[in-house]
Amino acid sequence: LDDRFDLVAGALSSTQERSIASGCELGLDPSRTYGSYREMAIREARLKDGIEAVSIVTPNHLHYDAAKEFLRRGIHVICDKPLTSNLTDAKKLKKVADENGVLFILTHNYTGYPMVRQAREMVRDGDLGQIRVVQVEYAQEWLTQAVEQTGAKQAMWRTDPSQSGAGGAIGDIGTHAYNLADFVTGLTLTSLAADLDSFVGGRRLDDNAHVMLRYEGGAKGMLWCSQVAPG
């Protein structure tokens, strides 16, 4: 989506003061820098030159409400994964988007890399022959210690079930790994078996996952994601 949109408005923080300050840093008109996503949706929908689309990059638990506010007012939505925290809300958003004739676009940013797209073309052109085994990994180390207990903002919400949802590492980065396997191979998953762990004491969500995958046609796979893997 690079160079396809101009940033002209935003609700850039959970407080009006910080939102305006951030808007000034980005060169936004103060009159179009809002204190909440609801205020932004209402006012932008009323403007003749209001926004065509909004990008939602909030913590997971806000995706549903924020997206709904814009979709119901005829504004296209480009949203970070996950779509929502549960399937019920996801289906509701689809209904709202369909009823208002607007697009809901879910982003998985790694599929935009040229190397990933080349790999996809190689598979589709048959350069690698029949795909029998799929191995996909996404490893991080930033949650090796209980940094969520030290006030680290990103760690605090990503390890909080009320904000992140039911998944920890599997939802945060495992989804990227699965998306890459799906995007590159084009295979259809039929079943899986997952082993989720929380290695750091007191952590409420998983920080490591091993997932066995089975695909149509007999291919097998393994997905590993971890946020506690130094080195």
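1. The protein chain has eight helices and seven strands, taken as DSSP runs (H or I of at least four residues for helices, E of at least two for strands) numbered from the N terminus. Keep in mind that this is a predicted model: local features need pLDDT of at least 70, side-chain atom pairs count only at pLDDT 80 or more, and totals for chains, interfaces and linings use all residues. Residues are numbered from 1 along each chain as its sequence is written, and side-chain values use heavy atoms, with hydrogens and water left out.

2. On to the sheet: it is open, with four strands in the order 4-7-6-5 and mixed pairing (two strands pair if DSSP finds at least two bridges between them). Strand 4 (133–139) and strand 5 (189–197) sit at the edges, each pairing on one side only. Neighbouring strands are turned by 10° against each other on average, direction ignored.

3. Strand 4 and strand 7 (residues 220–226) run parallel and are joined by seven bridges. Val133, for one, has Lys220 in strand 7 as its bridge partner.

4. Helix 8 (residues 169–185) lies across strand 4, strand 5, strand 6 (208–215) and strand 7, at about 145° to strand 7. Axes here are lines fitted to C-alpha atoms, for helices over the stretch in contact (heavy atoms within 4.5 Å), and angles run from 0 to 180 degrees between N-to-C directions.

5. For the chain overall, the C-alpha trace spans about 55 × 45 × 30 Å along its principal axes. Of contacts between residues at least 6 apart in sequence, 59% join residues at least 24 apart. Buried residues (under 20% relative accessible area, 1.4 Å probe, protein chains only) make up 37% of the 231 residues.

Definitions and conventions:
Buried means under 20% relative accessible area, exposed over 50%, partly exposed in between (1.4 Å probe, protein chains only).
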